[in-house]
Amino acid sequence: MVSATVDEIQRDPLKYLRQVEAGETVIIVQADKAIAELRPISSSGKQLRPFGLCTGEFTVPDDFDAPLPEDLLNAFEGK
């Protein structure tokens, strides 16, 4: 972790951005008080779920998208 004043960063911003790109965290200080943190964006490593993850675990009935019975529709609509 590196500390830098606002003036130092204004003088040479690319120097600090290169440090951040290299994985370093820069604490920005003003009047001996830390006011900000400049750090690399962490790649969360989130990957898409694989296609077919639950293959064979359940079956979708043939009438899955058939219209619902009238009494069930009425119950949903509060009738």
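Let us begin with the open sheet, where three strands lie in the order 1-2-3 with mixed pairing. Strand 1 (2-5) and strand 3 form the edges, each having a single partner strand, so one side of each has no neighbour in the sheet. Direction ignored, neighbouring strands here are turned against each other by 35° on average. Strands (E, at least two residues) and helices (H or I, at least four) are DSSP runs numbered from the N terminus, and two strands pair if DSSP finds at least two bridges between them.

A word on what you are looking at: this is a predicted model, in which local features need pLDDT of at least 70 and side-chain atom pairs count only at pLDDT 80 or more, while totals for chains, interfaces and linings use all residues. Residues are numbered from 1 along each chain as its sequence is written, and side-chain values use heavy atoms, leaving out hydrogens and water.

Back to the sheet. Strand 2 and strand 3 run antiparallel and are joined by five bridges. Glutamine 30, for instance, stands opposite lysine 33 in strand 3. Helix 2 (residues 13-21) packs on this sheet and touches strand 1, strand 2 and strand 3, with its direction making about 145° with that of strand 2. Contact here means heavy atoms within 4.5 Å; axes are lines fitted to C-alpha atoms, for helices over the stretch in contact, and angles run from 0 to 180 degrees between N-to-C directions.

The largest nonpolar core holds six residues: Ala4, Ile9, Tyr16, Val20, Val26 and Ile28. Helix 2 and strand 2 are the elements that give two or more residues to this core. Such a core is a set of buried Ala, Val, Leu, Ile, Met, Phe, Trp, Tyr and Cys residues joined through side-chain atoms within 4.5 Å. Buried means under 20% relative accessible area, exposed means over 50%, and partly exposed lies in between (1.4 Å probe, protein chains only). Beyond its neighbours within four places in sequence, valine 20 is in contact with Val26, Leu38, Arg39 and Pro40.

Now look at the loop between strand 2 (26-30) and strand 3 (33-38), where alanine 31 lies. Most residues other than glycine have a negative phi. Alanine 31 is exposed at 75% relative accessible area, and aspartate 32 is exposed at 80%.

Side chains of opposite charge can pair when their charged atoms come close. The whole structure has two salt bridges, each defined as a side-chain nitrogen of Lys or Arg within 4 Å of a carboxyl oxygen of Asp or Glu. One joins arginine 39 to glutamate 37 (3.1 Å, N to O), and glutamate 37 is partly exposed at 47%. The other links lysine 79 with glutamate 77, their closest N and O atoms being 3.2 Å apart; lysine 79 is exposed at 74%, and glutamate 77 at 52%.

Finally, step back to the whole chain. Its three helices and three strands follow the pattern β-α-α-β-β-α along the sequence. The radius of gyration is 28 Å, well over the 12 Å of the globule rule for 79 residues, so the chain is more spread out than a compact globule. This radius is taken over C-alpha atoms, and the rule is 2.2 Å times the number of residues to the power 0.38. Buried residues make up 11% of the 79 residues.
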